[in-house]
Amino acid sequence: MAISVKDALSKTAPVPSVAVQGWVRTRRDSKDFSFIELNDGSSLGNLQIIARDSLENYADVQRLTTGSSVRVEGELVASQGKGQQWELVARKIDIVGRADDSYPLQKKGHTPEFLREIAHLRPRSNLFGSVFRVRSRLAFAIHQFFQERGFVYVHTPIITGSDCEGAGELFRVTTLDLKNPPKTKEGLVDQTKDFFARSTYLTVSGQLEAEAFACALSKVYTFGPTFRAENSNTSRHASEFWMIEPEMAFTDLNGDMDLAEQLVKYLVYAIQSNSEEELQLFAKFVDKDLISRLDFVVERPFQRITYTDAVDLLKKSGEKFEFPVEYGLNLQSEHERWLTEKHFKSPVTVFNYPKEIKPFYMRTNDDGKTVTAMDLLVPGIGEIVGGSQREERLDVLEKNLRDHKMDLADYKWYLDLRRYGTVPHSGFGLGFERMLMFVTGVSNIRDVIPFARTPGSAEF
RNA sequence: UCCAGAGUAGCUCAGUGGUAGAGCGGUCGGCUGUUAACCGAUUGGUCGUAGGUUCGAAUCCUACCUCUGGAGCCA
């Protein structure tokens, strides 16, 4: 029965007989034996194997190359050398699969750009193995956070009929024959002949459906894939990404901002306390300031500022911005960066935005000019959370829909939530990959997704 | 989609009009309880693609492709 490399490395006493299996990271010959560094992805560290020339297949072992897979049985003993506590003196080495000399991963460092081209092999590198272990741990922490607080996990649909938020291009889902689609009398494509008897898309957000469940189960969250067909070519956007969307009944914007802040802090703390080895690697090779920044985020309260005050602050900053700062305009990346990186030097929640620049479902404030929107901005990445208190008043919501030139009939079920026992409720979306970028310091979203989908790129 | 930069050996790069290079890697040999070992030898190329200018193009021009950084859209 084989144990993991991680388990072997964490033993507190020698073990007369163990087996491990994994991939050869590197091999060095000594006079009458060979060192093999074995990794199985269970941890960052490798297990050093001592292969003596008395092994019956020693000639084959000496030809083992980086990337080969092996199973090793032997005795775990205290290492004679420096640099590792334990090593495994092999009694038997089974060569499971060889890797020829075209194996692209070297012992030396590779650029993330090169590794991105070999997305099927990059999890075998230290950096990407660490990123994806942390990704898994972060996903787990998200469920922990919400489950500990009594939230119900809701699976909202991935195929959706509503392009509700109107924000962003959608991926169409269809089984119609593109070369010869059924036509209406008017010569248009007849959507009623499609699989769902209507046009359907991949979801851009589970929010509206989550609202329905919040108005029944009180506190819910979604955590699943999300799709945007935007032609965005940046280090922070992907066509397929994962999003966490909590939704809480009987909760106003303050409660919403509180939850967002607690969640971000909880997630950072979870990675600090469970993925220390990986964080050290990121701090060494990816982002020198990572450790101190994460400490800072956990320790200090986030800044909160209204949109109006943020605009004033930016105007008075004396900073020369490329884009104008004016009430009624969206904050640009450079403005957000100034707030988080230069002025407050911490995460900042900006709230109460002008209604004109926000979607229809956000609750109108008493001033009639602003809506209860909030964006949580973090240094280095920008917007990581976007949320709001939802408009719970039927008449106001209907007016908003009309003002946005949207068809009320398409939102009948959504309006029903306000018609039958409406409640103030709030929620937000947290970009999972952006959070992962924040805790790892990895600066390109393509490098925190196992097989990234971006415009013009869906290989693998 | 817009702006800027880059594409030369498996990787990282030098070469800016006149014979295609280095380090690393790989391979072979030597040495050695080694740690991104060390020493020697060796291997390695459609210079992104297609045109053009020129006696001659990796180098200059045009178009396209890909990647990177920034912007917009946002998570």
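In which sense do β7 and strand β9 pair, and over how many bridges? In this predicted model, β7 and β9 (residues 200-202) are antiparallel partners joined over two bridges. Isoleucine 159 faces leucine 202 of β9 across the pair. The pair belongs to an open sheet of three strands. Strand order is β7-β9-β8, and the pairing is antiparallel. The edges are held by β7 (159-160) and β8 (172-173). Each edge strand has a single partner, so one side of each lacks a neighbour in the sheet.

The surface facing RNA strand B was examined next. RNA strand B is surrounded by 51 residues. The closest are Lys82, Lys107, Arg116, Thr234 and His237. Of the atoms of RNA strand B that come within 4 Å of the protein, 49% belong to sugar and phosphate. By class, the surface near RNA strand B comprises 23 polar, 17 charged and 11 nonpolar residues.

Both strands and helices contribute to this surface. At least two residues each come from the strands β1 (15-29), β2 (33-39), β3 (47-52), β11 (240-249), β15 (382-390) and β16 (425-431). The helices α3 (112-117) and α10 (333-343) likewise each supply at least two residues. The top contributor is β15, with four residues.

Individual polar contacts reach both base and phosphate atoms of RNA strand B. Two of them involve base nitrogens. For glutamine 106, a polar side-chain atom lies 2.7 Å from a base nitrogen of RNA strand B. For alanine 238, the atom concerned is a backbone N or O, placed 3.1 Å from a base nitrogen. The phosphate is contacted by asparagine 231. An N or O atom in the side chain of asparagine 231 is 2.7 Å from a phosphate oxygen of RNA strand B.

One cavity of 30 Å³ or more was counted. The largest cavity holds about 30 Å³ of space. Its lining consists of Tyr307, Val311, Pro324, Val325, Glu326, Leu329, Asn330, Leu331 and His335. By class, this lining has six nonpolar, two polar and one charged residues.

Methods
Residues numbered from 1 in each chain as written. Chains lettered and ligands numbered in written order. Predicted model: local features only at pLDDT ≥ 70, side-chain atom pairs only at ≥ 80, totals over all residues. Heavy atoms only, no water. 1 Å grid on protein atoms, 1.4 Å probe; cavity = no way out; pocket = protein on both sides within 12 Å on 5 of 7 lines; lining within 4 Å. Points joined across faces, edges and corners; volume = space filled by probe spheres on them. Nonpolar A, V, L, I, M, F, W, Y, C, P; charged D, E, K, R; others polar. Near = heavy atom within 4 Å. Polar contact = N/O pair within 3.5 Å; in protein donor to acceptor, adjacent residues only side chain to side chain. Pairing = 2+ DSSP bridges.
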